[in-house]
Amino acid sequence: MAGEPQEDCLFCKIVAGQIPATVVRETDTTLAFRDINPQAPTHVLVIPKAHYKDAATLAAGAPELAADVLRETRAVADDEKLDSYRTVFNTGSGAGQTVWHAHAHVVGGRGLQWPPG
């Protein structure tokens, strides 16, 4: 069920402290940690602590929580002293989503080309 921790979810296990992560920020509703396969000098994931399978489900089911996640992407960028950065939500396997828990990537610290991918 949306919002409830899932036993088989990697990010739910990180939120629960069952799997270690390099946490850079935490609020009552969000957790931000370094990506284990960084694509830039700064690559941090910002997740809601509640489980939603992707950004679309999060936005529809808990818009205030989606806003918390987006607000935290800015806080991460500020903490990392990024003048420019990219915020990415991959939604669906065709877009590159591999963990089925909504998350935003904060990527920066190098030039980022367009189009991505």
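The following questions and answers examine a predicted model, in which local features need pLDDT of at least 70, side-chain atom pairs count only at pLDDT 80 or more, and totals for chains, interfaces and linings use all residues. Residues are numbered from 1 along each chain as its sequence is written, and side-chain values use heavy atoms, with hydrogens and water left out.

Student: Is T30 buried or exposed?
Tutor: T30 lies in strand β2, residues 30-34; strands (E, at least two residues) and helices (H or I, at least four) are DSSP runs numbered from the N terminus. Buried means under 20% relative accessible area, exposed over 50%, and partly exposed in between, with a 1.4 Å probe and protein chains only. T30 has a relative accessible area of 1%, so T30 is buried.

Student: Which residue's side chain does a polar contact of 2.7 Å join to that of T30?
Tutor: A polar contact is a pair of N or O atoms within 3.5 Å; within protein, one must be able to donate a hydrogen and the other to accept it, and residues adjacent in sequence count only if both atoms are side-chain atoms. The partner of T30 in this contact is T27.

Student: Which element gives the most to the lining of the largest pocket?
Tutor: On a 1 Å grid over the protein atoms alone, a pocket is an open set of points with protein on both sides within 12 Å along at least five of seven lines, and lining residues have an atom within 4 Å of a point. The largest pocket is lined by 32 residues, and D35, Q39, H43, N90 and H105 lie nearest its centre. With 3 residues, the element that gives the most is α1.

Student: How many residues of β5 are buried?
Tutor: On one side of β5, A104, V106 and G108 are buried. The number of buried residues in β5 is 5 of 5.

Student: Which residue of β5 is the bridge partner of V46?
Tutor: Two strands pair if DSSP finds at least two bridges between them. β3 and β5 run antiparallel and are joined by 5 bridges. The partner of V46 in β5 is A104.

Student: What separation do the C-alpha atoms of P116 and L58 have?
Tutor: P116 is found in the segment after β5, and its relative accessibility of 44% makes it partly exposed. P116 and L58 are 58 residues apart along the chain, and their C-alpha atoms are separated by 24 Å.

Key
On a 1 Å grid over the protein atoms alone, a cavity is a set of points where a 1.4 Å probe fits but cannot get out, and a pocket is an open set with protein on both sides within 12 Å along at least five of seven lines; lining residues have an atom within 4 Å of a point.
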